[in-house]
Amino acid sequence: MNFTLHLTEQCNMDCIYCIHEKKNISMSMETLKAACDLAFSIGTRAGLCFFGGEPMLEREKIEWALDYCEEKSRITGMPFSSKMTTNGTLLDEEFILRAKRSGMVIGLSFDGTAQKISRKYKSGGDSFEDIERISKMLLREMPDSYAMLTLAPEAVSMFYESVKYLYGLGFRKMTATIAYGKRAVWTDEQIEILRNEFLRIADFFEECFLSRQPFFFSPFDSKIRECIAGFNPAERCHLGFRQMPVAPNGRIYACTQFISDEEYCLGDVFSGLDTQKQINLSKHSSVPKECLECELKSRCTNSCGCVNRLETGNESKISPLQCTYEKMVIEISDGIAERLFEKSQANFIGRFGKM
């Protein structure tokens, strides 16, 4: 079973789009051990994703969990994998080498040149140069690490520039999303700038593909792959059945945005999962009512309870912002796919599959 461990609610940064309240709360060793044991007690694989706040504030607990789970994997024969999402400020060579030995996947929350606007230290200081230096160290040892961009409306005109910068730095895998929630207020003008920035990134994406240069960019890759394979994004976002978050107190929830909402609490690491509640939750309608007649409903992430709750306060209601964003990315991704298939069918099929 895969669990996302919210090791702490503390963070050493103050991102302009972050809506999470910073609290002096951290997971105890007793809770951490119970979470590790539970991960090995369900299914055929065990996985942990270290999350926060900033998980590296609890570095010793991460290292303990890796040691403990690797030993359990050796004893039980059950495969174990780990991931971590971090702002990178506390990474050093010693930890990176430890993560490398474990095969950990690290997602670095780095907004590229937009970092100068959107992600500052709690003191107000600029974090850009520190994360640039740490990125180089990370990529030297773990070149498959992800850069994870969150685009604030205030920095939308820097989107293409940030992607090009991160690529030049050495990142070949990037996830990207726009900022949602009450601190991210998008205007019509900013949405139009976003479209133009996406079109510029699309040109670069195509250029990399045609010159055989590796570049995974999640907004485009996911839409193209899902369309060709016939996957519905709703099928990948089952509340309570994917990467379930564990709060610092050990309680298990259906998704990150539902932490502390007891309606979506599925048990705890000491007593285990409430499987009946999981089943009942899975029966919730996955597609919002207002999307049922839309021709793009099977290609849109309209069923993402996290985003819907952030934007509308209701996990079953999509916001106009999300609807506009999804239509934009699908349209641009489809254009990319058509052009690349026409120019290089063999390479296209090799990467994405047959249309």
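Predicted model: local features only at pLDDT ≥ 70, side-chain atom pairs only at ≥ 80, totals over all residues.

Modeller: Residues are numbered from 1 along each chain as its sequence is written, and side-chain values use heavy atoms, with hydrogens and water left out.

Biologist: At roughly what angle do the axes of helix 3 and helix 5 cross?

Modeller: Helices are DSSP runs (H or I, at least four residues), numbered from the N terminus. Axes are lines fitted to C-alpha atoms over the stretch in contact, with angles from 0 to 180 degrees between N-to-C directions. For helix 3 (residues 93–102) and helix 5 (residues 128–141), the axes come within 10 Å and cross at roughly 30 degrees.

Biologist: Is helix 3 roughly parallel or roughly antiparallel to helix 5?

Modeller: Angles under 35 degrees count as roughly parallel, and those over 145 as roughly antiparallel. The crossing is at roughly 30 degrees. That makes helix 3, relative to helix 5, roughly parallel.

Biologist: Which residues of helix 5 make the contact with helix 3?

Modeller: Contact means heavy atoms within 4.5 Å. Helix 3 contributes E93, I96, L97 and K100, and helix 5 contributes M137, L138, R140 and E141.

Biologist: Is the crossing of helix 7 and helix 11 left-handed or right-handed?

Modeller: The axes of helix 7 (residues 188–210) and helix 11 (residues 320–343) come within 10 Å and cross at roughly 25 degrees. A crossing is left-handed if the near helix is turned anticlockwise from the far one by less than a right angle, and right-handed if clockwise. The crossing of helix 7 and helix 11 is right-handed.

Note on methods
Helix = DSSP H or I, 4+ residues; strand = E, 2+ residues; numbered from the N terminus. Parallel < 35°, antiparallel > 145°, perpendicular 65-115°, else oblique.
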